[in-house]
Amino acid sequence: MRYLAYLSIATFFTISALVSTHKEWFSFIYGVPGKDYLTHFIGMGLLAFFMVLGFSSRAANHRILSPVASLAAASLLVTLDEVIQLAIPSRTFELKDLAWGLTGVLIFGLAAIGIQRIRHQYD
């Protein structure tokens, strides 16, 4: 599961860089109502989901981070991604985007914590 966490972080940064340099590649999203907020909510939420499951798993007693620390790390990455947009001319910083991203982190992260608790109840 830890590999999924690393893969989600790499995917997060890759997509962020591609959106900055090749916005036209993502034109298929333009027709979706609320696309910007929806992509922030789901994308950042999935990042948090995989980080919590991958880095705070108790499997083999090799936990890297606690679930709360995993959520904090995901929140920091999401915030950093939005703040960096202030320096990139092709991107736009918006507090609404940050709010939707952090909401996704919270909801998907709490879901991952719930899944972990249920799994460990039956271990």
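The legends below describe close-up views of a predicted model of one chain.

In this predicted model, local features need pLDDT of at least 70 and side-chain atom pairs count only at pLDDT 80 or more, whereas totals for chains, interfaces and linings use all residues. Residues are numbered from 1 along each chain as its sequence is written, and side-chain values use heavy atoms, with hydrogens and water left out.

View 1. The elements run α-α-α-α from the N terminus on, where helices (H or I, at least four residues) and strands (E, at least two) are DSSP runs numbered from the N terminus. Of the 123 residues in the chain, 33% are buried; buried means under 20% relative accessible area, exposed over 50%, and partly exposed in between, with a 1.4 Å probe and protein chains only. The accessible surface comes to about 7,400 Å², and 72% of that surface belongs to carbon and sulfur atoms; these areas come from the Shrake-Rupley method with a 1.4 Å probe, and for residues only the protein chains shown count as cover. Among contacts (heavy atoms within 4.5 Å) between residues at least 6 apart in sequence, 69% join residues at least 24 apart.

**View 2. The largest pocket, which holds about 850 Å³ of space.** Of the 28 residues that line this pocket, Ile15, Val19, Thr39, His40 and Arg91 are the closest to its centre. A pocket is, on a 1 Å grid over the protein atoms alone, an open set of points where a 1.4 Å probe fits, with protein on both sides within 12 Å along at least five of seven lines, and lining residues have an atom within 4 Å of a point. Grid points are joined across faces, edges and corners, and the volume is the space filled by probe spheres set on the points. Helices α1 (2–21) and α2 (35–55) each supply at least two lining residues, and the largest share, 11 residues, comes from α2. By class, the lining has 13 nonpolar, 8 polar and 7 charged residues, with Ala, Val, Leu, Ile, Met, Phe, Trp, Tyr, Cys and Pro counted as nonpolar, Asp, Glu, Lys and Arg as charged, and the others, Gly among them, as polar.

**View 3. Helix α2 and the residues Ser8 and Ile42.** Helix α2 has 21 residues and reaches 29 Å from its first C-alpha to its last, close to the 30 Å expected at 1.5 Å a residue, the expected span being 1.5 Å times one less than the number of residues. Its buried residues include His40, Phe41, Met44, Leu47 and Met51. Ser8, in helix α1, is buried, with a relative accessible area of 12%, and, not counting residues up to four places away in sequence, Ser8 touches Leu47, Phe50 and Met51. Ile42, found in α2, counts as partly exposed at 36% relative accessibility; the C-alpha atoms of Ile42 and Trp100 are separated by 8.9 Å, although these residues are 58 apart along the chain.

**View 4. Helix α4 (residues 95–121) and its packing.** The end C-alpha atoms of its 27 residues are 39 Å apart, in agreement with the 39 Å that they should span at 1.5 Å a residue. The buried residues of α4, among them Asp97, Leu98, Val105, Phe108 and Ile113, pack against α2 and α3 (67–84). Leu80, in helix α3, is partly exposed, with a relative accessible area of 41%, and its C-alpha atom is separated by 9.6 Å from that of Leu98, 18 residues apart along the chain.
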